[in-house]
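Subject: Structure handover

Hello,

Here is the structure I promised to pass on. Please open it next to this email and follow along residue by residue.

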Amino acid sequence: MSERLPAGADNRVVSRGYVGRWRDIDEAPDLPDAAAFLVADNTEAMRAVWQHVLHADRRETLVAARSRIGAEQEREFRESGLAVVRLPDVQPALLDRPADPGRIWLLTSGSTGRPKQVAHTLDSLTTVGTDQPPRTWLCPYATGAYAWWQVVTLSIQVPGQDVVFVEPDEIDAWPALAEQHGVTAASGTPTFWRQAIFRAVDTLSRVPLRQVTLGGEPVDQAILDRLHEVYPGARISWIYASSEAGAAIAVHDGQAGFPAAWLDRETPGRPRLSVRDGELIIASAKAAEGMDAQIHTGDRAEIVGDRVLITGRIASDEINVGGSKASASGVRAVLLAHPAVAWAAVKGRRAPLVGNVVTAQVVLSGSGDIVTEAQLLQWCNARLPDYSVPRRLRVLPEIPIKESLKSDV
């Protein structure tokens with residue numbers, strides 16, 4: 001058994017129900033080789049992962065939070081040959097087939113419709129395999145999500161990478177957990193970081209982070225600059241990744257976007273990045289099984305000077321206002337550039353005559369002078385064409401956030 005243990009087997013893992021090393025996690029006995037683990041918390045998820053790691057030569061595994069799976073999708077799992085495991089309960093598969101050894105199923109985020117399954121392996125999910133400075137990572141991501149697996153595989157495969165898992169109902173208290181367990185690195189979405197700064201910026205300064213990572217949503221200059229203010233000595237990184245394309249872009253220079261010089265280059269071991277008709281195209285060896293050689297991401301990419309900015313989903317970014325095309329991401333960027341705005345979301349809303357109008361929601365930082373809705377609209381008027389200026393602007397008291405750590409709008 002010890003010969004098969006990965007390099008990170010002695011790394012420490014912390015959850016609400018377990019504090020110890022990977023190698024000391026108890027195995028769940030007598031479970032089917034092909035199984036969808038619907039877990040109640042990260043402790044159950046860690047057991048499922050570790051069982052797959054120890055027996056990858058015969059196991060096929062899906063890990064997802066129970067709250068994310070409905071009865072219809074659960075039945076689909078069973079009809080596809082996966083037993084459904086809610087420890088200690090096991091519902092057998094409805095299709096009798098052998099497991100596909102080593103396969104790990106992930107569910108997409110569902111941002112463009114119902115979540116679908118994509119297949120990976122431990123190898124394709126492991127994007128950092130080289131030696132790293134010793135770190136204790138905070139992992140607040142939804143159990144079984146691609147970003148969650150990125151932190152998990154880093155800890156399993158690289159010595160010195162401990163992990164502290166955060167449950168959904170602990171999100172508000174994560175700075176205290178991080179301080180308690182000596183966290184020095186944390187990964188989260190821009191919304192996660194904005195919410196943390198909005199709620200407890202003074203508390204954040206007590207958590208000695210040396211590595212701050214962002215991903216899962218468009219990353220703008222405003223949040224990068226704010227994090228540099230909070231953690232002036234930390235490396236601030238943003239990652240572009242998806243369940244389908246894998247981890248494709250990593251930027252550490254403190255600037256939004258990535259260098260345009262990276263486009264269309266052929267570098268061994270790195271994805272090939274292209275922009276066609278305003279869409280980011282990725283070719284990667286770390287992509288999920290069965291994906292096209294050239295993956296159309298559906299994300300808008302704009303070349304601005306010597307940078308390529310990824311601004312949001314093409315399908316939802318364009319708002320047709322009486323024949324003129326307003327960009328939701330462009331309006332959002334203008335709002336976030338206001339010093340009093342901590343968070344912003346922009347959408348189109350159906351309206352008579354013009355078809356749609358631009359609407360916005362904002363959360364104010366609460367620091368400095370009080371700003372009114374009228375003043376924010378004046379700010380937009382000075383920087384946007386008339387058709388892009390929000391016709392309705394609401395100020396929210398809190399930054400809305402989902403279990404995925406993305407904005408709940």
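Thr 153 sits in helix α4. Helices here are DSSP runs of H or I with at least four residues, strands are runs of E with at least two, and both are numbered from the N terminus. Thr 153 is buried, at a relative accessible area of 2%. Buried means under 20% relative accessible area, exposed means over 50%, and partly exposed lies in between (1.4 Å probe, protein chains only). Residues up to four places away in sequence aside, Thr 153 touches Leu 122, Leu 125 and Thr 126. Contact means heavy atoms within 4.5 Å.

Before the rest, two notes on the source. This is a predicted model, in which local features need pLDDT of at least 70 and side-chain atom pairs count only at pLDDT 80 or more, while totals for chains, interfaces and linings use all residues. Residues are numbered from 1 along each chain as its sequence is written, and side-chain values use heavy atoms, with hydrogens and water left out.

Helix α4 covers residues 146–157, which is 12 residues. From first C-alpha to last it reaches 16 Å, close to the 16 Å expected at 1.5 Å a residue. The expected span is 1.5 Å times one less than the number of residues. Of the 12 residues of α4, 10 are buried, so the helix is largely enclosed by the rest of the structure. The buried set includes Tyr 146, Trp 148, Trp 149 and Leu 154.

Helix α1 (residues 42–54) has 13 residues. Its ends lie 18 Å apart, C-alpha to C-alpha, close to the expected 18 Å. Here 12 of the 13 residues are buried, so α1 is also largely enclosed by the rest of the structure. Among them are Glu 44, Trp 50, Gln 51 and His 52.

Gln 161 lies in strand β10 (residues 161–165). Gln 161 counts as buried, at 0% relative accessibility. Its contacts, not counting residues up to four places away in sequence, include Asn 11, Arg 135 and Trp 137. Leu 154 and Ser 155 are also among its contacts, and both are buried residues of α4. Gln 132 is another contact. Gln 161 and Gln 132 are 29 residues apart in sequence and 7.9 Å apart in space, C-alpha to C-alpha.

Ala 301 is in strand β18 (residues 295–304). Its relative accessibility is 5%, so Ala 301 counts as buried. Setting aside neighbours within four places in sequence, Ala 301 is in contact with Val 275, Gly 278, Leu 280, Val 308 and Leu 309. Ala 301 and Val 275 are 26 residues apart in sequence, with their C-alpha atoms 6.6 Å apart.

Backbone points to check

Pro 88 is in the loop between β5 (83–86) and β6 (89–91). The peptide bond joining Leu 87 and Pro 88 is cis, with omega about 5 degrees.

Asp 277 is not a glycine, yet it has a positive phi of about 50 degrees. Asp 277 is in the loop between β16 (272–276) and β17 (279–283). At 84% relative accessibility, Asp 277 counts as exposed.

Leu 353 also has a positive phi without being a glycine, at about 75 degrees. Its loop runs between β22 (341–351) and β23 (355–364). Leu 353 is exposed, with a relative accessible area of 92%.

The chain as a whole

The chain holds 10 helices and 24 strands. Buried residues make up 51% of its 409 residues. The radius of gyration is 22 Å, which agrees with the value near 22 Å for a compact globule of 409 residues. That radius is taken over C-alpha atoms, and the globule rule is 2.2 Å times the number of residues to the power 0.38. The C-alpha trace spans about 65 × 45 × 45 Å along its principal axes.

Of the contacts between residues at least 6 apart in sequence, 62% join residues at least 24 apart. The accessible surface comes to about 18600 Å², and 50% of that belongs to carbon and sulfur atoms. Areas come from the Shrake-Rupley method with a 1.4 Å probe; for residues, only the protein chains shown count as cover.

Best wishes
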